[in-house]
Amino acid sequence: MIIILMYICICNAITEKTVIEAVNNGASTLGDLQAELGVASCCGCCAQTASEYLPQGSAATSAVKQEYVSECHGRKAVVSTVLWPA
Ligand code: FES
């Protein structure tokens, strides 16, 4: 099984899945994500991307997430893609 993780915050190894879970559990501001996960607490490069996952962010309102199962030589992988509007 291959697991593909998309990192939002490289400095703190915080994945997209972790950010989405935090937002689903009530985080509604970048400050909430910083306090709960440590996002944007080092270099700050991830602040804009993390903010897009907040309730008013573009990831919450515009992105389309597609997932499919790829199979090769008996091994399966779930491939996850986020499509952003042009
Ligand atoms: S990438 Fe998130 S603080 Fe540096």
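Modeller: Here is a quick tour of the fold, then the core, then a helix pair. This is a predicted model: local features need pLDDT of at least 70, side-chain atom pairs count only at pLDDT 80 or more, and totals for chains, interfaces and linings use all residues. Residues are numbered from 1 along each chain as its sequence is written.

Colleague: How many helices and strands does the protein chain have?

Modeller: Four helices and four strands. These are DSSP runs, numbered from the N terminus: helices are H or I with at least four residues, strands are E with at least two. From the N terminus on, the order is β-β-α-α-α-α-β-β.

Colleague: What share of the residues counts as buried?

Modeller: 17% of the 86 residues in the protein chain. Buried means 20 or more other C-beta atoms within 10 Å of the residue's own; exposed means 12 or fewer, partly exposed is in between, and C-beta atoms are placed from the backbone.

Colleague: Which residues touch the most other members of the largest nonpolar core?

Modeller: I8, C9, V19, L33, V39 and A50, out of 14 residues in that core. β1 (7–9), α1 (16–24) and α2 (30–37) each supply at least two residues. The largest share, three residues, comes from α1. A nonpolar core here is a set of buried Ala, Val, Leu, Ile, Met, Phe, Trp, Tyr and Cys residues joined through C-beta atoms within 7 Å.

Colleague: What is L33 in contact with?

Modeller: Leaving aside neighbours within four places in sequence, V19, A22, A27, V39 and A50. Contact means C-beta atoms, placed from the backbone, within 7 Å.

Colleague: Back to α1. Which residues are buried there?

Modeller: V19, A22 and V23. They are on the same side of α1, because they cover an arc of only 100° around the axis. That arc is taken from the directions from the helix axis to the C-beta atoms. On the other side, K17 and N24 are exposed.

Colleague: What covers the buried residues of α1?

Modeller: The cover includes β1, β2 (14–15), α2 and α3 (47–51).

Colleague: At what angle do α1 and α2 pack?

Modeller: About 115°, with their axes 11 Å apart. Axes are lines fitted to C-alpha atoms, for helices over the stretch in contact, and angles run from 0 to 180 degrees between N-to-C directions.

Colleague: Which residues meet there?

Modeller: T18, V19 and A22 in α1 meet L33, E36 and L37 in α2.

Conventions: Contact = placed C-beta atoms within 7 Å.
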